[in-house]
Amino acid sequence: MGTLFSSASKPGGLACGPQALAALVQSVRVPVLGIGGVTIDRMNELLDAGAAGMAAIGIFADPGPERTFESIAHVVHELRRVGAENHVQRV
C-alpha cells in the first residue's frame, strides 16, 4: 500500500500515511506491505500499523542526512536492528 509518505521519487504526491495502512491491515486477511517514502526512522511506525514488511528503495539510494551508510551491508544491518527492536516490543 502506498504512497505512505512523500518521497523524492514522487515529490508533492498524495500520501495516505500510516493510519490508512493500519485501516487496510485491519480490513484484509492478506499481508500488507508499505511503500513510498519509507525511511529507517519510519519503519517502526509502519510495523506498529501492522505492515508485514515494506519496500524502501530510497533507503539504499539516499539514507538521509542523519544517516550515512558506507555500504548496503550497513543498510541491511540497520533494517534488521529496527525490525528486531520492534518485534521485541510487541512480544
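**Entry 1: overview**

Helices here are DSSP runs of H or I with at least four residues, strands are runs of E with at least two, and both are numbered from the N terminus. I am looking at a predicted model, so I keep that in mind throughout. I counted the elements first: the chain has 4 helices and 2 strands. Reading from the N terminus, I get the order α-β-α-β-α-α. Then I looked up how much of the chain is hidden: of its 91 residues, 30% are buried. The chain exposes about 6,000 Å², and 58% of that comes from carbon and sulfur atoms. I also checked how far contacts reach along the sequence. Taking contacts between residues at least 6 apart, I find that 47% join residues at least 24 apart.

**Entry 2: the start of the chain**

Thr3 sits in the segment before H1.

Is Thr3 buried or exposed? Its relative accessible area is 16%, so I file Thr3 as buried, the cut-off being under 20%. Skipping neighbours within four places in sequence, I find Thr3 in contact with Lys10, Leu14, Ala15, Cys16, Gly17, Ile35 and Gly36.

Ser7 also belongs to the segment before H1. I get a relative accessible area of 14% for Ser7, so this residue is buried too. Beyond four places in sequence, Ser7 touches Gly36 and Gly37. Gly36 therefore turns up in my contact lists for both Thr3 and Ser7, contact being heavy atoms within 4.5 Å.

**Entry 3: helix H1**

Which residues of H1 are buried? I find Gly17, Pro18, Leu21 and Val25. Their arc around the axis is only 135°, so they lie on the same side of H1. This made me recall that an α-helix has 3.6 residues a turn, so residues three or four places apart point the same way. On the face turned away from the buried side, I see the exposed residues Gln19, Gln26 and Ser27. What do the buried residues of H1 pack against? They pack against H2.

Not counting residues up to four places away in sequence, Leu21 touches Met1, Leu4, Val32, Leu46, Ala49 and Ala51.

**Entry 4: the nonpolar core**

Next I looked up the largest nonpolar core, which has 15 residues. The ones with the most contacts inside this core are Leu4, Leu21, Val38, Ile40, Met43, Leu46 and Ile59. Helices H1 (17–27), H2 (43–48) and H4 (72–90) each supply at least two residues of the core. As a general note to myself, nonpolar side chains tend to be buried together in soluble globular proteins.

**Entry 5: Met43**

Met43 lies in helix H2. Its relative accessible area is 6%, so Met43 counts as buried. What does Met43 touch beyond four places in sequence? I find Val38, Met54, Leu79, Val82 and Gly83. Met54 is 11 residues from Met43 along the chain, and I read 8.1 Å between their C-alpha atoms.

How values were computed. Residues numbered from 1 in each chain as written. Predicted model: local features only at pLDDT ≥ 70, side-chain atom pairs only at ≥ 80, totals over all residues. Heavy atoms only, no water. Core = buried A, V, L, I, M, F, W, Y, C linked by side-chain atoms within 4.5 Å. Buried < 20%, exposed > 50% of the residue type's maximum accessible area, 1.4 Å probe, protein only. Arc of directions from axis to C-beta. Areas by Shrake-Rupley, 256 points an atom, 1.4 Å probe, with all protein chains shown as cover.
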